[in-house]
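Please look through the sequence and the model shown here before reading on.

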Number of protein chains: 2
Amino acid sequence: MNITVIGGTRGLGRWIAGFLKGEGFRVTITGRDRVAGENASRELGVEYCPDNVRAARDSDVVIISVPIENTLDVIREVAPNMRRGSLLVDVTSVKEEPARLMEELVPEGVDVLPTHPMFGPRIRSLAGQVVVLTPLRKSRWVERVVSFLKDRGARVLVTSPEKHDRMMSVVQVLTHFAYISIALTIRDLGVDVGESRRFASPIYNLMLDTIARIVSQNPYLAYSIQVYNRYGERVRRGFIGAVERLEDLLRRGEKDDFVRWMSFAAKCLDDVEASLGRSDKAIFALNKELDVLKDSVGREVGLKHIYSGNVHVGVLESVDPDFAVLRVGKRRVKLKVSNIRVLDKDELWDWKVKNLPRRSYDISAMFPEGCDPEIIRSVIEGLDGVVKASVIDIYKGDQIPLGMVSVTFRFEVIDRGVYEKVKGLLEGFGAIIR
Amino acid sequence: MNITVIGGTRGLGRWIAGFLKGEGFRVTITGRDRVAGENASRELGVEYCPDNVRAARDSDVVIISVPIENTLDVIREVAPNMRRGSLLVDVTSVKEEPARLMEELVPEGVDVLPTHPMFGPRIRSLAGQVVVLTPLRKSRWVERVVSFLKDRGARVLVTSPEKHDRMMSVVQVLTHFAYISIALTIRDLGVDVGESRRFASPIYNLMLDTIARIVSQNPYLAYSIQVYNRYGERVRRGFIGAVERLEDLLRRGEKDDFVRWMSFAAKCLDDVEASLGRSDKAIFALNKELDVLKDSVGREVGLKHIYSGNVHVGVLESVDPDFAVLRVGKRRVKLKVSNIRVLDKDELWDWKVKNLPRRSYDISAMFPEGCDPEIIRSVIEGLDGVVKASVIDIYKGDQIPLGMVSVTFRFEVIDRGVYEKVKGLLEGFGAIIR
């Protein structure tokens with residue numbers, strides 16, 4: 001299947017191209033900047049074509065991933081040139097206009113799927129990510145895309161373009177607008193945010209983190225989300241009204257009204273108790289991880305970088321709320337605590353099994369005749385540090401005393417010292433090592 | 001040591017009274033409502049005294065925990081009556097005025113410690129909680145309180161009343177004001193918040209949770225925080241200015257200015273990368289827990305209520321993002337996922353060891369003479385389901401074949417089936433059970 005990603009040289013489009021390539025599709029990217037396009041083509045191992053229309057004509061699926069303000073123009077250019085039986089997708093943050101225009105301009109026999117992936121190019125897999133689809137009609141293509149996404153763990157939501165845009169006027173327009181305003185205010189006041197964190201509860205820190213997350217987004221995308229959603233201005237006007245009324249109440253000292261309004265506002269929230277629980281748990285998880293790290297100083301730990309996926313295993317030399325210092329062999333590695341996750345015992349062991357060289361040992365021992373080599377093998381395999389164990393020989397005969405049997409086990413270990421542990425175990429049960 | 005908590009019948013004051021009682025102090029609470037006072041007195045096991053002045057005269061430490069608007073009056077009533085060598089503390093959310101007034105009115109030889117605990121009465125321990133102290137002078141009492149709090153795991157921050165109030169004008173005034181306004185807007189728009197969550201990324205859900213947390217606070221306290229912080233109005237004015245300027249830019253389509261302002265706003269944040277990391281990790285932890293639950297359907301799990309601390313152990317029958325249903329013996333228990341934490345394997349085992357009845361078994365077996373009973377014991381104790389094992393007898397003699405030794409182990413288990421596992425293990429190594 002040939003898939004073209006228009007605007008696949010950067011940002012989300014590039015992510016989509018790389019993802020689909022990894023899924024085994026033949027992918028072509030287009031983009032106005034030829035140098036960027038050829039670089040991306042080389043890095044992702046996909047085709048680059050400078051001509052949107054030419055690429056679209058040859059494709060089974062065309063995905064438009066360009067800035068919102070260019071989306072309608074690209075639809076006008078590409079939609080009429082789609083070939084029969086193909087699918088046209090856009091991934092813009094507003095859906096009403098693109099959906100309408102795509103439907104209007106595609107030839108008969110071409111399906112349309114307006115889409116809004118609720119994630120950015122920083123994610124590493126689709127698992128757990130929300131994808132909103134707003135098809136105007138059912139089609140075989142829509143069904144295929146839904147199954148494809150669900151199979152990869154995405155949470156797929158099918159709705160109408162209008163409902164999508166109304167929801168986004170709150171989910172995105174309102175929250176972005178309010179959070180950017182908070183950050184602007186803090187900046188204007190000249191407050192040292194780092195210092196303010198020391199004064200505050202963990203939940204304030206989590207609030208600041210969510211504000212930072214919004215404000216550090218691509219500002220061009222943030223702008224487009226504000227101005228291209230046709231409910232956006234109404235929502236912002238509503239917010240400004242709320243802010244002004246609230247300030248008015250406070251200035252006039254209308255305590256009872258303030259209290260009534262705040263209780264009224266709280267009623268809009270769906271399940272406050274669940275919100276408290278979830279945010280408490282999020283805080284708990286972050287604190288617990290730091291506690292685990294503090295308790296692990298001087299011991300071996302595995303730290304996984306949450307974005308690159310790289311794992312660093314070594315002895316933890318020191319840790320503070322910002323940095324962990326690890327000794328890996330002769331190197332010293334300094335890692336930002338916010339970017340790493342501590343592997344649990346099983347994860348660390350799995351990593352070692354996959355990544356460290358193993359040594360294989362054989363050990364022969366004499367046991368009473370009635371023994372069960374399989375049970376002994378499973379005890380050996382259950383020892384900390386043994387990757388696997390097998391029975392390779394069972395011998396009874398001349399060189400073995402009467403009533404005894406000699407069993408030879410082969411086992412693989414990562415740390416050298418484990419051989420002595422296995423030997424000690426067998427001897428402990430009275431076996432005679434040969 | 002006698003400690004009086006003025007306003008100890010409700011809210012944070014009540015929490016403080018219960019906490020100090022648990023720490024072994026003699027605690028008296030006061031409060032205007034005699035019925036509430038006597039109820040709290042009975043429930044907490046502390047004294048109740050309806051007269052603030054009388055209680056204060058008899059105390060080594062007096063803690064004023066009343067609404068902000070009453071704090072200054074209570075200080076005027078109590079401070080002049082403190083006895084020599086005692087300590088006067090208040091726990092109000094603003095610090096400049098109370099600090100000044102307490103210092104002015106206490107007799108010589110009385111120490112003053114203006115305090116702001118950055119937590120509410122929902123917490124279960126001081127560990128990890130922030131307590132801001134704003135003493136105007138050093139004193140032996142201040143040192144004692146700092147050590148007391150630190151010993152219990154609190155994060156103690158000592159600063160000036162002015163700096164505290166300036167920081168709180170951002171940490172509390174600004175964030176509360178903005179979040180209440182967001183909630184009011186959502187309410188005015190008539191958006192179904194529960195439905196909007198389905199449309200959104202996990203981070204939006206975490207944002208909503210932090211908004212819910214702020215908006216569901218005590219509205220009287222929220223009001224007081226807005227109006228009694230003397231920097232509050234300036235901060236709110238700044239926010240309103242930011243909101244209006246931002247809307248103005250958007251309405252005029254000033255994209256470049258918007259982008260410049262947003263980038264400017266982002267610069268106020270201390271470490272965006274760390275913010276992204278922490279919020280990603282918080283999300284990861286919440287998602288991972290749900291995944292663990294989903295993978296555990298049909299199996300035994302331990303679920304701990306995050307507020308009550310109660311643990312429910314049983315077979316997980318079903319789970320969705322809202323509820324988990326557990327079969328505990330013959331009962332079916334339905335628990336809110338947001339309020340529970342899944343115990344890990346070690347925690348579950350520790351809970352069982354503490355809470356379930358144990359059975360004790362003895363087993364005697366003959367091993368080759370060269371065996372080491374201690375090693376065998378440690379293997380038995382390491383088996384899943386064995387609480388502890390000991391060697392209670394070692395016998396060599398008439399009834400035992402030459403070259404053999406009989407060892408008797410005693411071990412405690414929780415599940416009945418474990419005896420067979422131990423027997424199988426020993427037989428597997430060729431031992432003969434007697």
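If its neighbours within four places in sequence are left aside, B:Leu383 is in contact with B:Lys421, B:Val422 and B:Leu425. This is a predicted model, and B:Leu383 can be found there in the loop of chain B that runs between helix H15 (373-382) and strand E15 (386-395). To place this residue against another part of its chain, take B:His116, which is 267 residues away from B:Leu383 along the chain, the two C-alpha atoms being separated by 50 Å.

The next step is to look at helices. Two packed helices are described by the angle between their axes and the distance between the axes. In chain B, helix H7 (residues 161-189) and helix H11 (residues 232-251) have axes that come within 9 Å of each other and cross at roughly 50 degrees. Because of this angle, H7(B) is oblique to H11(B), and the crossing in which H7(B) passes H11(B) is right-handed. Which residues meet here? On the side of H7(B) they are B:Arg166, B:Ser169, B:Val173, B:Leu174, B:Phe177 and B:Ala178, while H11(B) brings B:Gly232, B:Arg234, B:Val235, B:Arg236, B:Phe239 and B:Ile240. Sorted by class, the residues of this contact between H7(B) and H11(B) are seven nonpolar, two polar and three charged.

Another pair within chain B is formed by H9(B) and helix H13 (residues 272-295), which pack at an angle of about 95 degrees with their axes 10 Å apart. With such an angle, H9(B) is therefore roughly perpendicular to H13(B). The contact joins B:Pro202, B:Ile203 and B:Leu206 of H9(B) to B:Ser279, B:Ala282, B:Ile283 and B:Leu286 of H13(B), and it has six nonpolar residues, one polar residue and no charged residues.

From H9(A) the contact takes A:Ile203, A:Leu206, A:Met207, A:Thr210, A:Arg213 and A:Ile214, and from H9(B) it takes B:Ile203, B:Leu206, B:Met207, B:Thr210, B:Arg213 and B:Ile214. Among the residues of this contact of H9(A) with H9(B), eight are nonpolar, two are polar and two are charged.

How many residues does each chain bring to the contact between chain B and chain A? Chain B contributes 133 residues and chain A contributes 132. The area buried between chain B and chain A is about 12,700 Å², and 69% of that area is given by carbon and sulfur atoms. Of the area that chain B buries against chain A, B:Phe199, B:Tyr223 and B:Phe429 supply 7%, which is more than any other three residues.

Finally, for chain A, UniProt lists residues 1-280 as "domain: Prephenate/arogenate dehydrogenase" in an unreviewed entry. In the model, this span of chain A is 58% helix and 12% strand, and the C-alpha atoms at its ends lie 46 Å apart.

Notes: Residues numbered from 1 in each chain as written. Chains lettered and ligands numbered in written order. Predicted model: local features only at pLDDT ≥ 70, side-chain atom pairs only at ≥ 80, totals over all residues. Heavy atoms only, no water. UniProt positions renumbered as here; feature names shortened; annotations may be inferred. Helix = DSSP H or I, 4+ residues; strand = E, 2+ residues; numbered from the N terminus. Axes fitted to C-alpha atoms, helices over the stretch in contact; angles between N-to-C directions. Parallel < 35°, antiparallel > 145°, perpendicular 65-115°, else oblique. Left-handed = near helix turned anticlockwise from the far one by under 90°. Contact = heavy atoms within 4.5 Å. Nonpolar A, V, L, I, M, F, W, Y, C, P; charged D, E, K, R; others polar. Buried area = accessible area lost by both parts, 1.4 Å probe.
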